[in-house]
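Subject: Structure handover

Hi,

Here is the structure for you to look through. My notes follow below it.

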Amino acid sequence: MSSTSSPSAIGSATRLLHAGSPTLRGGSGPVNVPVVRTSTVRFANTAAYADHHHRRVAGERVASYGRHGLDTHRALEDALLGLEGGHRAFLAPSGLAAISLVLVALLSPGDHALVADSVYSPVRRVDATLLQRLGITLEYFSPSQDDLAAKIRPNTKLIYVESPSSLLYEILDLPALAAIAQAHGVPLATDNTWGAGWLYQPLALGANISIQAATKYIGGHSDVMQGVVVTDSAALSEKIATAYEALGLTIGADDAYLALRGIRTLPVRLAQHQRHATQVAQWLQSQPLVERVFYPALPSDPGHALWKRDFHGANGLVSFAFVDGVHAAGAEAFVNALRWFAIGASWGGYESLALIAAPERLREHSAWSGTHSVVRLHVGLENPDDLIDDLQQAMANVNRPD
């Protein structure tokens with residue numbers, strides 16, 4: 001099994017620990033980047049102001065106003081580039097804001113985009129409430145069942161996927177999808193929140209844009225809302241930067257600091273999440289009320305071979321389907337009986353969480369054809385034996401099928 005502690009893991013823990021570190025001045029300096037909070041930047045004279053403005057417009061990462069970010073933001077951007085690779089990083093107020101930024105930056109009225117049908121569900125809300133109103137068409141496809149090349153039109157301007165998929169963790173063959181996209185001159189963007197840049201590096205596999213909700217594993221402590229976009233080229237960076245500036249997107253210096261703090265411990269946290277989640281997933285496989293466990297690190301998972309090829313570990317997300325006959329009320333009784341798993345919609349923090357997957361969300365996935373009740377768990381950093389004991393006592397509350 002792959003491991004985040006392996007010497008061959010993507011990136012380098014040493015680089016992550018030191019990326020963006022402040023330079024020493026006068027022979028000393030802080031370990032952590034100071035939190036630079038300001039709305040206004042001062043200049044020595046008008047010439048200096050004009051020089052900074054022109055350099056920023058040309059794409060240089062200098063600030064002429066607080067919204068453009070200062071030292072704390074730059075340190076986080078540098079760390080993200082070290083994590084994901086790429087040309088430039090953009091910081092957004094949330095993961096959904098980062099996704100919306102890419103869609104708005106690359107699509108214009110009359111354009112067509114192909115979107116994997118198993119992506120983060122709010123993408124469809126952005127489509128229905130904003131993009132359709134702008135005359136932009138999103139077409140949903142199955143990455144594993146559909147012929148992507150046959151679906152590309154002359155006005156296709158973006159292919160957008162998520163690997164693993166939301167809720168059920170379907171692993172996509174990203175290099176194959178990237179080869180098709182490249183052959184047709186269409187940029188490929190992917191949601192990389194599951195892999196967090198450490199477990200998975202989509203830009204190295206052929207994607208052009210990697211998007212993350214840094215709210216999740218990068219932040220790691222359930223105390224920050226943030227999104228990240230990393231581009232692979234100057235041309236895409238320019239397009240994203242134009243929309244980024246026009247939309248007035250920014251994040252606070254404190255949020256940048258929290259994300260930077262999280263990056264420093266990302267490798268060790270993810271390794272621990274994987275160890276705990278694997279134990280939980282293996283225990284779930286042995287339960288008579290469980291039909292199937294969704295966790296790509298399991299050898300029985302359909303995406304296991306691709307996961308071993310392209311990933312360097314797994315995280316704390318484990319979903320499972322109850323057997324036929326366990327209805328919604330049984331799934332609710334199970335979740336409500338949990339003691340150490342809080343009920344919550346997010347994940348990626350230190351704590352364990354549980355949530356029932358909405359049937360309408362599951363039906364959006366072409367890879368899903370069941371009617372079973374599905375529960376998503378985020379396995380946190382608590383003692384895994386305590387978590388398994390908790391799951392076991394909660395199972396006693398589930399109605400037994402006839």
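Start with serine 319. Its relative accessible area is 0%, so serine 319 is buried. Here buried means under 20% relative accessible area, exposed means over 50%, and partly exposed is in between (1.4 Å probe, protein chains only).

Before going on, two notes on how to read this. This is a predicted model, so local features need pLDDT of at least 70 and side-chain atom pairs count only at pLDDT 80 or more, while totals for chains, interfaces and linings use all residues. Residues are numbered from 1 along each chain as its sequence is written, and side-chain values use heavy atoms, with hydrogens and water left out.

Serine 319 sits in strand E9 (residues 317-322). Helices (H or I, at least four residues) and strands (E, at least two) are DSSP runs, numbered from the N terminus. What does the side chain of serine 319 reach at 2.7 Å? The backbone oxygen of leucine 167. The side chain of serine 319 also makes a polar contact of 2.9 Å with the side chain of tyrosine 169. A polar contact is a pair of N or O atoms within 3.5 Å; within protein, one must be able to donate a hydrogen and the other to accept it, and residues adjacent in sequence count only if both atoms are side-chain atoms.

Leaving out residues up to four places away in sequence, serine 319 touches Leu167, Tyr169, Arg292, Val293, Phe294, Val374, Val375 and Arg376. Contact means heavy atoms within 4.5 Å.

Tyrosine 169 lies in the loop between E4 and H7. Its relative accessible area is 2%, so tyrosine 169 is buried. The phi of tyrosine 169 is near 60°, a positive value in a residue other than glycine.

**Other backbone points**

Proline 164 is in the loop between strand E4 (156-162) and helix H7 (174-183). A cis peptide bond joins serine 163 and proline 164, with omega about -5°.

Alanine 196 has a positive phi of about 60° and is not a glycine. Look for alanine 196 in the loop between strand E5 (188-191) and E6. At 0% relative accessibility, alanine 196 is buried.

Helix H4 (residues 95-106) has twelve residues and should span 16 Å at 1.5 Å a residue; its end C-alpha atoms are 17 Å apart, which agrees. The expected span is 1.5 Å times one less than the number of residues. How many residues of H4 are buried? Ten of its twelve, so H4 is mostly covered. Among them are Gly95, Ile99, Ser100 and Leu106.

Aspartate 111 is in the loop between H4 and strand E2 (112-116). At 11% relative accessibility, aspartate 111 counts as buried. A polar atom of its side chain lies 2.7 Å from the backbone nitrogen of serine 108. Not counting residues up to four places away in sequence, aspartate 111 touches Leu106, Gly135, Ile136, Thr137, Asn155 and Lys157.

The largest pocket holds about 650 Å³ of space. Of the 31 residues that line the largest pocket, Tyr120, Ser166, Ala345, Trp347 and Arg376 are the closest to its centre. H4 gives the largest share of this lining, three residues. By class, the lining of the largest pocket has 17 nonpolar, nine polar and five charged residues.

The second largest pocket has a volume of about 540 Å³. It is lined by 27 residues, with Arg56, Gly59, Arg88, Phe90 and Ala241 nearest its centre. Helix H2 (46-57), helix H3 (71-84), strand E1 (88-92) and helix H8 (234-247) each give two or more residues to that lining. H8 gives the largest share, seven residues. The lining of the second largest pocket divides into ten nonpolar, eight polar and nine charged residues.

The pocket terms are as follows. On a 1 Å grid over the protein atoms alone, a pocket is an open set of points where a 1.4 Å probe fits, with protein on both sides within 12 Å along at least five of seven lines; lining residues have an atom within 4 Å of a point. Grid points are joined across faces, edges and corners, and a volume is the space filled by probe spheres set on the points. Ala, Val, Leu, Ile, Met, Phe, Trp, Tyr, Cys and Pro count as nonpolar, Asp, Glu, Lys and Arg as charged, and the others, Gly among them, as polar.

Best wishes
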